[in-house]
Amino acid sequence: MRFDIITIFPGLLESLLTAGVLKKAVEKGILQVRVHDLRDYTTDKHRQVDDRPYGGLEGMVLKPEPIFRAVEAIREPVESVTCLLTPQGERFDSRLAEKLAGYRQVILICGRYEGVDERVVEHLVDREISIGDYVLTGGELAAAVVVEAVSRFVPGVVGKEESVRHDSFTAGLLDFPQYTRPREYRGYRVPSVLFSGDHKKIARWRLKKALEKTLARRPDLLESRQLSSEEEELLEEIKKERKDS
Ligand code: ADE
């Protein structure tokens, strides 16, 4: 699968995307990530990508022509989706990440300044995406977030597919706690169940911990989830323990 990112700050993204899991996936040929400088798609001497807003206001707006030109040059005749990163977009989450991972090409346009000419939104992009209810100076960090999260759903990118399936949000619950050596540090002990060798018991303990954390921090995730009978049972147990303590 291929990501094409259109930005006026290509340097910002190149370093972020050439490390770790993504770098390995690119080397293995599973992923291609290309960063495109929007200024390369201008035709004027000053390589101007922005201009003052009609109607008068502070700030600058990204012009439509270079963005249309860039997308039309980059878009391949494959299953392709073009997204604009903007705080006005639909909220990015694990479900959307998985959906985007189904495309052969994902084009990400990084918004900047006070905005992007609305004709880009209306006539060029398929989706507008926001990574959260806060305003960044531009879409570059948001694009990096999207590339990283989507890539994890592309087969072969994450070592063990298992680890994606068990991830928070993919499983619909927050993660259970993890421990490694030493068994005791400054008197803080790793829970003894993890040394029991009883895999069923460990799995139940992990599920209970995940439910506890989800109930405390993100009860909304539980409401939108079909609970198994084991989960129902554990939740009852947790609620009872809460009441008793
Ligand atoms: N550009 C600026 N803020 C953003 C956000 N929260 N999500 C996506 N793109 C953005």
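## Exercises around Glu 140

Apart from neighbours within four places in sequence, Glu 140 is in contact (heavy atoms within 4.5 Å) with Thr 7, Ile 8, Phe 9, Leu 12, Leu 13, Cys 110, Gly 111 and Arg 112. This is a predicted model, in which local features need pLDDT of at least 70, side-chain atom pairs count only at pLDDT 80 or more, and totals for chains, interfaces and linings use all residues. Residues are numbered from 1 along each chain as its sequence is written, and side-chain values use heavy atoms, with hydrogens and water left out.

**Exercise 1.** Find the side chain with which the side chain of Glu 140 makes a polar contact.

*Solution.* Look for a pair of N or O atoms within 3.5 Å, one able to donate a hydrogen and the other to accept it. The partner is the side chain of Thr 7, at 2.6 Å.

**Exercise 2.** Now zoom out and describe the whole chain.

*Solution.* First, the C-alpha trace spans about 70 × 40 × 40 Å along its principal axes. Then turn to burial: 41% of the 245 residues are buried.

Key. Buried means under 20% relative accessible area, exposed over 50%, partly exposed in between (1.4 Å probe, protein chains only).
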